[in-house]
Amino acid sequence: MRAALIYASRSATLYPLPLLKIGAMLKSQGHEVELFINRLPRGQFDEAWVSTCFTYDIPAAIALIRRLKPLVARIRVGGIAATLLPEVFEHLGDLEIHRGLLPEAEDVVPDYSLLGHEPEYSIAYTTRGCVRHCSFCMVPQLEDRFTHEPHWHQRLHARAQRVLFYDNNWLAKPIDGWLEDVAHLRRLTRSGRITSFDFNQGIDCRLMTEERAAALEGLPLNPIRFAFDGKQEDGHYQKAVRLMIAHGFTQGYFMTYVLWNFTDTPEDVYYRIKVSAELTAEFGFQIASFPMRYQPIFSIDPKRGYVGKHWTPLTRRNFSMMVHGLSTHGELSFNPRGDRLPTAVAEMEYYFGRDEQEFVRMLNYPKLRELFHRRRASMAYLRAQDRIREDQEQEQEEEVVNT
Amino acid sequence: MKTIPIRCTGSEMISLDRLTPLQGTLKTLSPEAKKKLRTSIEKHGIRFPIFYWRHNGSMMTVDGHARVTVLREMLGEGFTIEGDLVPADRIEARDEREAKEMILISSSRYGRLDDRSFFEFTEEAGLDIDELMREVDLPEIMLGQFHDQYSFDDLEAENAQLSGVEDAVIQIVIPRKFIKQVTEWLADGEGSTARQLGRGVMKRCGLL
């Protein structure tokens, strides 16, 4: 049998781990498989396994499945979007919809060769589910129990030196099992098998302790991702950053998820971004914010147009514009070294206002886009002037030395 | 003398003098709304035909009373209309009762705007809200709300002061050791917009 594995997501950027596992499982059963990322298969296939991801990509996934139906006799649809909203796929008819994990593929070693190139990283889970049930998060809908995956280290790609962990809450693991994971990571690092790892979904700052920070010391965890999604993390987040820095995490960078457009207010978002700017200024290296705009879990709006309770279309639009204008790949960071704007806090205040009230007023200013881009251009110009002057001064000094 | 251009086509061209109002005191035209309409006509010219009902040789206005009022005032101030005639479309009605019913139908707004749809629309079209405030009257949106709730004088002043800054050409000197790399990034299409490219490249070169 020939099976087409299709990743039906326009927005996902990481490897489709479930399809790599399903591919390995089918291969072990003697079937031929081929992977297609967000496109129709080429050639004859007996069945297709379609993996979906984001709910806002559902319209595109449905369009792809509609075009797939005349080509393949049997189509199975699974993944996050199909688990959350199976009914929108059911009406297409003649599909096998699978919700949740596929138990027979869970313990399979992913077949990275399906990617058609050497993978840059392995993907692993040491746990599934989460101990928390945050109302903005889809994890409780997808993985309702918190379980451990003790054999994760046996499923890594042999040559990929970076590991991306998809754990939702690694620190919630009981300390013994967690210390075992750390020991595995240390062994893998010492042997040179891995050179860096990343807990992509973030580490729960509320569960960071002196003991855990000390256990992680010296490991190539980079970036260090926390979430500062609301008041519940205030204080815990700052403490967790300080603990990690105290244990030597000063070479990489910190990246903090900042949820907004949920039940938060603009003032609250301003505060959370400012906290990271203050930590950047205090420690002199990048502690970036990664604003994540909330979109209802069970929404299939491809425009992602939801407006939170304390936001308006104008304030939401203006804040998105500011984030896109200042961030690199979504990360909002401020110059830790300082320059014309002497500190990271000064830079943050230049673009977002001196305080919460000014920030709110800016967000309500209909011509903010224009002003914001002018501020940015103006600052870039002033910085360029500073740099030219510095270069000229340096040249003059060199001339004096030469003469 | 300024000429008001015609920017639409009606089924016929008629003289403003021939139009007789039919709506009586149904609607009022506040000085503020009149000013907006005049600004719009000055900016865009005549963009929509007048609708009228012909009755006993008279042309009774069904839709366009406010425009006719404003245009007449403008003519009194020395403006002229391109070709001296305005585009118009004739509406059929059995009698005055039905013609007046047509006035109410043409005045109806069945579709609803809301803040969200309005901002998405203006955002997509790249329309300037301040500019719109001077010529558009959309009671549902309350365009003035932003100006009423907050004072933007300082932001307006800064915005005006910085105007033109986007047009400045900023020359970036890239260290020689990065030239090959930057060329490769460009060749790979990295940074689909100048903004991304500028920031990304500058960051990697240690300029930011």
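How many nonpolar, polar and charged residues does the lining of the second largest pocket have? In this predicted model, the lining comprises 19 nonpolar, 14 polar and 9 charged residues. The pocket itself has a volume of about 1500 Å³. Its lining draws on 42 residues, and those nearest the pocket centre are B:K27, B:L37, B:D63, B:A66 and B:R67. Several elements of chain B each contribute two or more residues to this lining: the helices α1 (31-44), α2 (65-76) and α3 (96-107), together with the strands β4 (50-55) and β5 (58-63). The greatest share comes from α2(B), which supplies 7 residues.

Attention may now turn to where the two chains meet. Chain A brings 35 residues to the contact and chain B brings 29 residues. Between them, an area of about 3200 Å² is buried, with 55% of it given by carbon and sulfur atoms. Charged side chains take part here as well, for 3 salt bridges are counted between chain B and chain A. One of these salt bridges joins A:R375 to B:E158, with 2.7 Å between the closest N and O atoms. On the side of chain B that touches chain A, two or more residues come from each of α4 (115-125), α5 (129-133), α7 (153-161) and α9 (194-204) of chain B. By class, this side of chain B holds 13 charged, 11 nonpolar and 5 polar residues.

The search of the whole structure returns 1 cavity of 30 Å³ or more, and the space in the largest cavity amounts to about 70 Å³. Its lining is made up of A:L17, A:K21, A:P110, A:I123, A:A124, A:Y125, A:E149, A:W152, A:R155 and A:L156. Two elements of chain A, α1 (17-28) and β6 (122-124), are those that give two or more residues to this lining. Sorted by class, the lining of the largest cavity has 7 nonpolar and 3 charged residues, with no polar ones.

Salt bridges can next be considered for the structure as a whole. Over all chains, 37 salt bridges are present. Side chains of opposite charge can pair when their charged atoms come close. Within chain A, the side chains of A:K27 and A:D111 form such a salt bridge, at 2.7 Å from N to O. A:K27 belongs to helix α1 of chain A, while A:D111 sits in the loop between α5 (103-106) and β6 of chain A, so this pair ties together parts that lie 84 residues apart in sequence.

Finally, the backbone of chain A has two details to look at. Most residues other than glycine have a negative phi, and most peptide bonds are trans. The peptide bond from A:N222 to A:P223, however, is cis, its omega being near 0 degrees. A:P223 is found in the loop between α8 (210-216) and β11 (224-227) of chain A. A:D94, although not a glycine, has a positive phi of about 55 degrees. This residue, A:D94, is placed in the loop that runs between α4 (86-90) and β5 (96-97) of chain A.

Methods: Residues are numbered from 1 along each chain as its sequence is written. Chains are lettered from A and ligands numbered from 1 in the order in which they are written. This is a predicted model: local features need pLDDT of at least 70, side-chain atom pairs count only at pLDDT 80 or more; totals for chains, interfaces and linings use all residues. Side-chain values use heavy atoms; hydrogens and water are left out. On a 1 Å grid over the protein atoms alone, a cavity is a set of points where a 1.4 Å probe fits but cannot get out, and a pocket is an open set with protein on both sides within 12 Å along at least five of seven lines; lining residues have an atom within 4 Å of a point. Grid points are joined across faces, edges and corners, and a volume is the space filled by probe spheres set on the points. Helices (H or I, at least four residues) and strands (E, at least two) are DSSP runs, numbered from the N terminus. Ala, Val, Leu, Ile, Met, Phe, Trp, Tyr, Cys and Pro count as nonpolar, Asp, Glu, Lys and Arg as charged, and the others, Gly among them, as polar. Contact means heavy atoms within 4.5 Å. Buried area is the accessible area (1.4 Å probe) that two parts lose on being put together, summed over both. A salt bridge is a side-chain nitrogen of Lys or Arg within 4 Å of a carboxyl oxygen of Asp or Glu.
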